[in-house]
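Here is a short report on one protein model. Keep the sequence and the 3D view open as you read.

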Amino acid sequence: MTVSSGLAFVPLAPMTPTYCATKAAIHSYTQSMRYQLADTAGASARTHPALRADELLGARQASDPNAMPLKDFISEP
């Protein structure tokens, strides 16, 4: 199981180029593993957590109406 990000597909390169590049690499790696494990009992999975209303990328993200409130994200099962 790997954890990626929507920023793997739509990077905010000027703000977080290394973060976006590593998430894109995780996406590619997981896809490659999926193909390699196709004829075995193994499996690979990737998740992309929701956009959270936190301060990771600044105040704009914290007030984004499309972002999940951080307390809801943390309590999500």
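## A helix near the end of the list

Start with L70, which lies in helix α3 (residues 70-75). Helices here are DSSP runs of H or I with at least four residues, strands are runs of E with at least two, and both are numbered from the N terminus. L70 counts as partly exposed because its relative accessibility is 34%. The cut-offs are these: buried is under 20% relative accessible area, exposed is over 50%, and partly exposed is in between, with a 1.4 Å probe and protein chains only.

Which residues does L70 touch, leaving aside its neighbours within four places in sequence? They are R52, A53 and D54. Contact means heavy atoms within 4.5 Å. L70 and A53 are 17 residues apart along the chain, yet their C-alpha atoms are separated by 5.5 Å.

## How the model is read

This is a predicted model, where local features need pLDDT of at least 70, side-chain atom pairs count only at pLDDT 80 or more, and totals for chains, interfaces and linings use all residues. Residues are numbered from 1 along each chain as its sequence is written, and side-chain values use heavy atoms, with hydrogens and water left out.

The mean pLDDT of the protein is 80, and 88% of its residues reach 70 or more. pLDDT is the predictor's confidence in each residue, from 0 to 100. Among the elements, α1 has the highest mean pLDDT, 90. Helix α2 (residues 59-62) has the lowest, 64. Where pLDDT is low, the predicted coordinates should not be read in detail.

## The whole protein

How many helices and strands does the protein have? It has three helices and four strands. Along the sequence they follow the pattern β-α-β-β-α-β-α.

The protein has 77 residues, and buried residues make up 17% of them. Its accessible surface comes to about 5,500 Å². Carbon and sulfur atoms account for 62% of that surface. These areas come from the Shrake-Rupley method with a 1.4 Å probe; for residues, only the protein chains shown count as cover. Now take the contacts between residues at least 6 apart in sequence: 30% of them join residues at least 24 apart.

## Helix α1

Helix α1 covers residues 17-36, which is 20 residues. At 1.5 Å a residue, it should span 28 Å. The expected span is 1.5 Å times one less than the number of residues. The end C-alpha atoms of α1 are 29 Å apart, which agrees.

Which residues of α1 are buried? They are C20, K23 and T30. Seen down the axis of α1, the buried residues fall within an arc of 85°, so they line one face of the helix. The arc is that of the directions from the helix axis to the C-beta atoms. An α-helix has 3.6 residues a turn, so residues three or four places apart point the same way. On the other side of α1, T18, Y29, Y35 and Q36 are exposed. The cover over the buried residues of α1 includes β1 (2-3) and β2 (46-47).

K23 shows the buried face in detail. Its relative accessible area is 13%, so K23 is buried. Leaving aside neighbours within four places in sequence, K23 is in contact with V3, S4, S5 and A8.

G6 sits in the loop between β1 and α1. G6 is partly exposed, with a relative accessible area of 40%. H48 sits in the loop between β2 and β3 (52-53). H48 is partly exposed too, because its relative accessibility is 31%. G6 and H48 are 42 residues apart in sequence, but 6.3 Å apart in space, C-alpha to C-alpha. Leaving aside neighbours within four places in sequence, H48 is in contact with S4, S5, G6 and F9. H48 and A8 are 40 residues apart in sequence and 9.4 Å apart, C-alpha to C-alpha.

S63 is in the loop between α2 and β4 (68-69). Is S63 buried or exposed? At 55% relative accessibility, S63 counts as exposed. S63 and R52 are eleven residues apart in sequence, and their C-alpha atoms are 9.7 Å apart.
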